[in-house]
Amino acid sequence: MLLLGIDIGTSSIKVSVVDAQTQECLASAQYPEEESDIISPKAGWAEQSPEMWWEHAKAALQKANATGRYNPQEIGAIGIAYQMHGLVVVDKAQQVLRNAIIWCDSRAVEIGNKAFKAIGEERSLARLLNSPGNFTASKLAWVKANEPELYYNINKIMLPGDYVAMKLTGSITTSISALSEGVFWDFQEDQLSEDVLSYYKFDRNLIPAINPVFSEHGTVSKAVADELGLKSGIPVTYKSGDQPNNALSLNVLKPGEVAATAGTSGVIYGVSDKLIYDPQSRVNTFAHVNYAGDEKRLGVLLCINGTGSLNRWIKNIAGTGISYAEMNQLASSIPVGSNGLRVIPFGNGAERMLNNKIVGTHFHHIDLNLHTKAHLFRGVQEGIAFAFRYGLDIMRESGMNPNIIRAGKANLFLSDSFTEAFVNATHVPVELYQNDGSVGAALGAGIGVKAFKSEEEAFTNSKKLQVVEPKAIDQYEPVYQEWKALLEKQLNEI
């Protein structure tokens with residue numbers, strides 16, 4: 001059996017086809033090659049077209065099929081990973097009513113803050129494990145308040161992965177994990193949150209059918225199968241947000257295990273078996289992919305909005321004509337501390353770990369006679385690593401104390417200077433794996449279709465590429481403390 005994984009990223013859509021028996025990735029493709037645009041009609045807003053995701057997903061799959069490395073007719077299950085917290089709304093004919101309001105959109109922050117106070121801060125945290133913040137439920141409340149005629153025509157609300165699954169199958173489903181990331185789930189009652197539905201006055205019929213993450217979420221329609229060269233009737237057997245999926249793909253399933261990513265956004269994601277929450281909701285807790293009523297598995301998630309997005313920005317500003325690999329090489333030529341340059345890397349919307357403040361990106365201590373573009377590249381990567389340390393210290397307050405962090409050798413972890421700064425700033429070694437979100441989604445589909453005896457069996461051939469140990473903590477710690485003082489000064493001024 002072959003397994004198809006689809007990863008709906010902010011920048012592009014990637015697909016992979018995996019042999020279930022060997023766990024070998026036979027082919028991968030992404031579309032487009034350049035990053036997709038984020039639509040920002042107003043400051044702090046961020047939208048994308050769901051129809052664009054679908055067209056790009058089809059184009060990526062057709063590219064993979066064109067490699068000739070597998071027979072598309074042998075694909076037996078499909079898994080989908082997706083950018084978290086987005087809002088997609090469709091009418092009764094399954095037509096999209098507006099652009100998706102995506103994860104880094106900040107327009108609903110105050111709506112969520114009011115809900116937090118109205119429901120009761122202690123009650124929200126104890127039951128939702130989060131403040132409603134600017135998550136999916138609050139984004140829907142914004143649509144309800146600002147686009148009432150459109151809201152009246154909504155038949156179902158979805159996350160991005162639910163939408164692509166709907167286009168494949170014609171079926172609309174969700175899961176506890178998905179509902180928890182939208183802050184619709186009451187963990188005390190293990191059901192839809194009456195508090196959220198009642199406060200926002202949402203009709204519960206807007207919520208799709210709730211299925212387990214690893215289960216059938218519909219089967220591929222004949223029309224779609226004919227267009228894409230697939231068999232009709234292939235089940236979609238897995239859907240997960242990108243960060244729980246990344247943890248799954250790194251075999252992070254048990255309490256105490258921790259994963260990290262540094263793509264468009266930066267995330268540390270740890271698994272717990274306790275209903276823990278941060279009193280300030282700076283880090284968030286959601287149902288992990290293997291959450292069950294009798295076996296609680298929670299994902300504790302720290303998110304930094306501006307990691308890869310900042311690295312891309314500095315490339316566009318100062319690295320025109322060179323590759324990311326060349327950028328990384330230049331960064332590595334600069335000593336620890338970037339000769340005094342300090343970068344505060346927040347410039348992509350409200351940062352949850354900073355109490356939803358919009359801090360912006362700041363460059364400190366630029367010396368026009370000393371600093372080069374190589375310093376800018378290293379300063380950016382060190383600043384991002386320090387943001388991870390700042391967030392990990394918040395997670396440590398809730399009892400998440402990793403002694404190892406697993407990550408895919410991809411994106412910023414391809415940079416030696418970033419990886420070195422990350423392990424020395426956090427004081428935690430990193431295991432780097434051959435890891436990919438679309439491959440993880442494919443293996444998730446295999447778990448869902450019972451191609452493996454257990455979740456762990458799906459990753460028996462996982463390849464550990466490297467272990468990076470912290471060996472220069474003494475060099476990085478004073479630089480981090482200086483960076484932290486600059487950040488906290490800015491926070492106090494907002």
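Me: Why does Q94 count as partly exposed?

Reply: Q94 has 25% relative accessibility. Buried means under 20% relative accessible area, exposed means over 50%, and partly exposed is in between (1.4 Å probe, protein chains only). The 25% of Q94 lies in between, so Q94 counts as partly exposed.

Me: What kind of model is this?

Reply: This is a predicted model, in which local features need pLDDT of at least 70 and side-chain atom pairs count only at pLDDT 80 or more, while totals for chains, interfaces and linings use all residues. Residues are numbered from 1 along each chain as its sequence is written, and side-chain values use heavy atoms, leaving out hydrogens and water.

Me: Where is Q94, and what is its phi?

Reply: Q94 sits in the loop between β6 (88-90) and β7 (100-101). Its phi is positive, about 65°, although Q94 is not a glycine.

Me: What makes a stretch a helix or a strand?

Reply: Both are DSSP runs, numbered from the N terminus. A helix is H or I and has at least four residues; a strand is E and has at least two. By that rule the chain has 16 helices and 22 strands.

Me: Why is S281 called buried?

Reply: S281 has a relative accessible area of 9%. That is under the limit for buried, so the word applies. S281 lies in the loop between β15 (266-272) and β16. Its phi is positive too, about 55°, and S281 is not a glycine.

Me: Why does P32 count as buried?

Reply: P32 has 17% relative accessibility. That value is under the limit, so P32 counts as buried. P32 is in the loop between β3 (25-31) and β4 (47-48). The peptide bond joining Y31 and P32 is cis, with omega about -5°.

Me: Which residues does P32 touch, and what makes a contact?

Reply: Contact means heavy atoms within 4.5 Å. Not counting residues up to four places away in sequence, P32 touches S11, S12 and H56. Q475 is 443 residues from P32 along the chain, and their C-alpha atoms are separated by 40 Å.

Me: Why does C104 count as buried, and what does it touch?

Reply: C104 has 3% relative accessibility. This is under the limit, so C104 counts as buried. Its place is the loop between β7 and α2. C104 touches I38, G44, A46, N348 and G349, leaving out residues up to four places away in sequence. M84 is 20 residues from C104 along the chain, with 9.6 Å between their C-alpha atoms.

Me: How do you know that V300 is buried, and where is it?

Reply: V300 has a relative accessible area of 3%, so it is under the limit. V300 is in strand β17 (residues 298-304). Beyond its neighbours within four places in sequence, its contacts include I268, Y269, G270, N284, M395 and M400. A407 is 107 residues from V300 in sequence and 16 Å away in space, C-alpha to C-alpha.

Me: Which residues of α3 are buried, and what covers them?

Reply: In helix α3 (residues 121-128), the buried residues are S124, L125, R127 and L128. Their cover includes α2 (109-119), β10 (185-186), α8 (194-200) and β16 (284-287). Just after α3, L129 takes a positive phi of about 65°.

Me: How do you know that the chain agrees with a compact globule?

Reply: The radius of gyration is taken over C-alpha atoms, and the globule rule is 2.2 Å times the number of residues to the power 0.38. For 494 residues, the rule gives a radius near 23 Å; the chain has 22 Å, so the two agree. Along its principal axes the C-alpha trace spans about 65 × 55 × 40 Å. Of the 494 residues, 62% are buried. Of the contacts with a separation of 6 or more, 74% join residues 24 or more positions apart.
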